[in-house]
Amino acid sequence: MDPTIIIADDHPLVLKGLQDFLHEKEYNVLASAKNGKEALALIKAHTPDIAILDIKMPFFTGLQIAEKCKKDNLKTKIVLITFEKDEKIYTEAKSIGVYGYVLKEFALDEIENCINAVTKDQPYFSPELLAYIEVDNGPEALNDLTKTELKILKLIVENKTAKEIAEELHISPRTVEKHKSNIIRKLDIEKTPNSLLIWAKENQNYIS
């Protein structure tokens, strides 16, 4: 089943480019908006699976919309598109459960990967953005992990599910979940959906 999508951007050319691209790829685009107010009204009216929002828009920014959706328990997954390689915005986006962060210069190259990941309930952040942002406290905390925990982290980076990890390591899915809890505790990761996956992706260069 194709995900339902709403898009919003206050730059007419960007909006049209994105809309044309998604239509061409036969995505189910329900509607588009030119500002944050319209975007929020459309999300509330249609509750699409995914909303692709520009970060900076009149009335409400993409982040403000994401916050309002979280507060109202709307199931729409928010993907932000922006020119900004900004660690502060990125950290804020993560803390309110935004599912994707795509840089506009790579939007048409990455948006399909992003939609596919988000549809599978996996967050997607532009590789360029992750490379740009300096990651703190990566390696040091990793020293506290056991060999099995490190192995599990590596498999998480490869988008493996708990069931797949269990099969690969010949342990039960329940044991995998226990290991994941230990990893989260040792690395002092905030307990939010996908927080471990996001941390693993950000720090994958340090995970050996």
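Modeller: The accessible surface of the protein comes to about 11,400 Å², and 50% of this belongs to carbon and sulfur atoms; areas come from the Shrake-Rupley method with a 1.4 Å probe, and for residues only the protein chains shown count as cover. This is a predicted model, in which local features need pLDDT of at least 70 and side-chain atom pairs count only at pLDDT 80 or more, while totals for chains, interfaces and linings use all residues. Residues are numbered from 1 along each chain as its sequence is written, and side-chain values use heavy atoms, with hydrogens and water left out.

Of the 208 residues, 46% count as buried, that is, under 20% relative accessible area (1.4 Å probe, protein chains only). Cys69 is buried, with a relative accessible area of 2%. Cys114 is also buried, at 0%.

The structure holds zero disulfides, a disulfide being a pair of cysteine sulfur atoms within 2.5 Å. The closest cysteine sulfur to that of Cys69 is in Cys114, and because 16 Å lies between them, they are too far apart for a bond. Cys114 is accordingly in no disulfide, its nearest cysteine sulfur being that of Cys69.

As for the fold around them, the protein has 11 helices and six strands, taken as DSSP runs (helices H or I, at least four residues; strands E, at least two). Among contacts (heavy atoms within 4.5 Å) between residues at least 6 apart in sequence, 64% join residues at least 24 apart. The C-alpha atoms fill a box of roughly 50 × 35 × 30 Å along the principal axes.

Technical notes:
Buried means under 20% relative accessible area, exposed over 50%, partly exposed in between (1.4 Å probe, protein chains only).
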